[in-house]
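Colleague: I'd like to learn how to read a model like this one. Can you walk me through it?

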Amino acid sequence: MTPDPRLADSAFLKAARGEPVPHTPVWFMRQAGRSLPEYLAVREGIGMLESCMDPGLVTEITLQPVRRYGVDAAIFFSDIVLPLKAVGLDLDIKPGVGPVVADPVRTLADVEAIPDLTPEHVPFVTEAVRGLVAELGGTPLIGFAGAPFTVASYLVEGGPSKEHARTKAMMFGAPDVWDALLRKIAGISAAYLEVQVAAGASAVQLFDSWAGALTPADYRAFVMPHSARVLERAGALGVPRIHFGVGTANLLGLMGEAGADVVGVDWRTPLADAIPLVGDRVVQGNLDPTLVFAPTEVMTARAAEIIEAGRSARGHIFNLGHGVIPSTDPDQLQRLTEFVQGFETSR
Ligand code: CP3
């Protein structure tokens, strides 16, 4: 598929490649989520995973924040557990709870029973991405997948978890099962990214939201090789790769080394502290998502500090330090978008 020629001017893609930009590009993790009234309206009475399998709905929801805010990138509307559902696992996303798995994975036989993902499992993804890319024109679409550790946590725990105790018990106590499980998920996540890029996504983000539960040594030994395999396969597609986790202050170097072009930084680590840790890489982030609840001038003053700090990196993509909080006022995100995009030129 031939990329839209206007993508050559994309501030997001330029920043992701470490090239000079006309303004600091901005998008928001979970921008297509529950903070938009138009999202809630189209989702009325339709389950989350059901929505993800409906190309018309996926297209509409992905476009909503782009229309409203004029952000520099769209993120594909889906979920990190969607590929597991697509290969046949019995799971659901419960409102206000998150992914819930009917039969948690505990043994090697459980792992071996999970099919690998092929494009035939997700024809609705191919269809939605193709349509979206045509509609988005010069705005790039970010494809995404869950990283092996974070997805494993849902599969092993059977649902959301604070401590990831069962997951880490498998990691420490049954390394053969662990290795097989992470290999399996890495293959599924990589294949899922390949489908999105083949259909026209022009960047990818690997979400390892819960990697912050690990020490650097355990991350390096038990997790990093698997994430690295996903990022390597994504790298072969020639698109920029963003690698993001939460609470990862002491993992940022390793997350870069795993094969990222862009390292996502959560809000707990000042961007200026993160930059020397990621080597010659682009950074993404990292406004505290609760700052949108502060007065506009407090929010924009913090955003300005982050943009200034980002100047010492190879490149900087502005984002929140984690997803948009559902009760966020969309008008405040609109002001933030305008502030970031106007910052360089208005000085
Ligand atoms: O706007 C976007 O960023 C694109 C869509 C997107 C969703 N999930 C849609 C969604 C993306 C990128 C994700 C990734 C995702 N899903 C992650 C990684 C990002 C992160 O936040 O750390 C994780 C850990 C999940 C698993 C998951 N799915 C959780 C924790 C939840 C929230 C549960 C809740 O309701 O509080 C979901 C559900 C989910 N995924 C919703 C959306 C819009 C809400 C479902 C609904 O509206 O009914």
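Colleague: Which of the 27 residues around the ligand come nearest?

Modeller: A residue is near a molecule if one of its heavy atoms lies within 4 Å of it. Here Arg30, Ala32, Asp79, Ser209 and His322 come nearest. Before we go on: this is a predicted model, where local features need pLDDT of at least 70, side-chain atom pairs count only at pLDDT 80 or more, and totals for chains, interfaces and linings use all residues. Residues are numbered from 1 along each chain as its sequence is written, and side-chain values use heavy atoms, with hydrogens and water left out.

Colleague: Which polar side-chain atoms lie 2.9 Å or 2.4 Å from an oxygen atom of the ligand?

Modeller: A polar contact is a pair of N or O atoms within 3.5 Å; within protein, one must be able to donate a hydrogen and the other to accept it, and residues adjacent in sequence count only if both atoms are side-chain atoms. Ser209 has a polar side-chain atom 2.4 Å from a ligand oxygen. For Tyr39 that distance is 2.9 Å, and an N or O atom in the side chain of Arg34 is also 2.9 Å from an oxygen of the ligand.

Colleague: Back to Arg30: what is its phi?

Modeller: Phi of Arg30 is near 65°, a positive value in a residue other than glycine. Arg30 sits in the loop between α1 (11–16) and α2 (37–43). Helices (H or I, at least four residues) and strands (E, at least two) are DSSP runs, numbered from the N terminus.

Colleague: And the peptide bond from Gly285 to Asn286, cis or trans?

Modeller: That one is cis, with omega near -10°. Asn286 belongs to strand β8 (residues 282–287).

Colleague: Now helix packing. At what angle do α8 and α10 pack?

Modeller: Two packed helices are described by the angle between their axes and the distance between the axes. Axes are lines fitted to C-alpha atoms, for helices over the stretch in contact, and angles run from 0 to 180 degrees between N-to-C directions. Helix α8 (residues 148–157) meets helix α10 (residues 175–198) at about 115°, with the axes 9 Å apart. The two are therefore roughly perpendicular; that label covers 65 to 115 degrees, while under 35 is roughly parallel, over 145 roughly antiparallel and the rest oblique.

Colleague: What makes the contact?

Modeller: Contact means heavy atoms within 4.5 Å. On α8 the residues include Phe149 and Leu155, and on α10 they include Trp178 and Ile185. By class there are 11 nonpolar, no polar and no charged. Ala, Val, Leu, Ile, Met, Phe, Trp, Tyr, Cys and Pro count as nonpolar, Asp, Glu, Lys and Arg as charged, and the others, Gly among them, as polar.

Colleague: How do the axes of α10 and α11 cross?

Modeller: They cross at roughly 20° and come within 9 Å, with α11 spanning residues 216–235. That makes α10 roughly parallel to α11. The contact of α10 with α11 has 10 nonpolar, three polar and five charged residues.

Colleague: And how far apart are the axes of α9 and α10?

Modeller: 6 Å, with helix α9 (residues 165–173) packing at about 115°. That makes α9 roughly perpendicular to α10. Met170 and Phe172 are among the α9 residues in contact, and Trp178 is one of those on α10.
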